[in-house]
Amino acid sequence: MKEKGLLIVLSGPSGVGKGTVRKAIFSKGGTKFEYSISMTTRKPREGEVDGVDYFFKSKEEFEALIKQDKLLEYAEYVGNYYGTPIDYVKETLDSGKDVFLEIEVQGAKQVREKFPDGLFIFLAPPSLSELQTRITTRGTESDDLINNRMKEARKEIELMRLYDYVVENDQVEAACERINAIVQAEHCRTERVAPRYIKMLEVE
Ligand SMILES: Nc1ncnc2c1ncn2[C@@H]1O[C@H](COP(=O)(O)OP(=O)(O)OP(=O)(O)O)[C@@H](O)[C@H]1O
Ligand SMILES: Nc1nc2c(ncn2[C@@H]2O[C@H](COP(=O)(O)O)[C@@H](O)[C@H]2O)c(=O)[nH]1
């Protein structure tokens with residue numbers, strides 16, 4: 001029987017750089033992960049493309065998907081729904097490929113319950129003030145939304161202890177290398193050592 005792929009979950013507060021790091025990892029090629037495109041009821045930002053950045057849905061469409069059990073996990077985050085389509089994840093893992101999810105912490109908790117053998121990585125900012133600078137400089141959110149996302153960030157950072165690894169995103173290139181090293185190490189692992197929570201990886 002074909003060996004199943006690894007489910008890789010990357011979480012971290014809004015603005016820490018998850019998307020930037022993920023795109024940098026994928027742009028290099030050579031990785032075996034497939035990115036799972038999420039669904040959201042948030043309105044597209046300038047430049048975002050339906051089916052590439054997200055599958056953009058109405059609230060009614062999203063709630064219908066919840067009822068039909070079409071989501072592996074979902075969460076309400078700062079006034080919008082976000083969720084992971086289940087069929088794509090299962091089919092891709094069954095085909096032997098790794099799947100990469102970029103999701104917030106409530107969703108990650110649900111995935112942990114369903115996929116305890118997944119690899120859970122928390123991307124952390126160098127500091128809260130640097131996080132605020134990043135999210136503000138990105139220029140996609142109003143001041144109110146930035147404040148709400150920073151409030152969530154404080155709660156999310158407290159939950160990083162639930163992850164297998166915490167990776168600091170001080171420099172994009174360094175964060176990519178750390179994540180690639182973690183995934184490679186996970187593939188070489190022959191058996192799981194329990195408990196495997198909170199293994200801070202020092203690559204340098
Ligand atoms: N290591 C870094 N150093 C400095 N700036 C960074 C770094 N990583 C990302 N950024 C910048 O921070 C901003 C937020 O990054 P990004 O949009 O990737 O965050 P995110 O975690 O995906 O956010 P969200 O969860 O809201 O989608 C962007 O302007 C990006 O260019
Ligand atoms: N639980 C889930 N969270 C998700 C999913 N896709 C994205 N996200 C996270 O939501 C916030 C906000 O995203 P933004 O694009 O509006 O900035 C961020 O932390 C994302 O990682 C998902 O499918 N499920």
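**View 1. Strands S8 and S9 run parallel and are joined by four bridges.** The model is predicted; local features need pLDDT of at least 70, side-chain atom pairs count only at pLDDT 80 or more, and totals for chains, interfaces and linings use all residues. Strands are DSSP runs (E, at least two residues), numbered from the N terminus, and two of them pair if DSSP finds at least two bridges between them. Ile 121 has Tyr 165 of S9 as its bridge partner. S9 spans residues 165–168, with Tyr 165 and Val 167 on a covered face and Val 166 and Glu 168 on an uncovered one. Residues are numbered from 1 along each chain as its sequence is written, with chains lettered from A and ligands numbered from 1 in the order in which they are written.

**View 2. Strand S1 is paired with S7 and with S8.** S1 runs parallel to S8 (residues 119–124) through four bridges, and Ser 11 stands opposite Phe 122 there. Four bridges also join S1 to S7 (residues 98–102), again parallel; here Leu 7 is opposite Val 99.

**View 3. Side chains of strand S1, residues 7–11.** In a regular strand the side chains alternate between the two faces of the sheet. Leu 7, Val 9 and Ser 11 point one way, Ile 8 and Leu 10 the other.

**View 4. Confidence of the model.** The average pLDDT (the predictor's confidence in each residue, from 0 to 100) is 91, and 92% of the residues score at least 70. Over residues 197–204 the pLDDT is below 50.

How values were computed
A residue is buried if 20 or more other C-beta atoms lie within 10 Å of its own, exposed if 12 or fewer, and partly exposed in between; C-beta atoms are placed from the backbone. Two residues are in contact if their C-beta atoms, placed from the backbone, lie within 7 Å.
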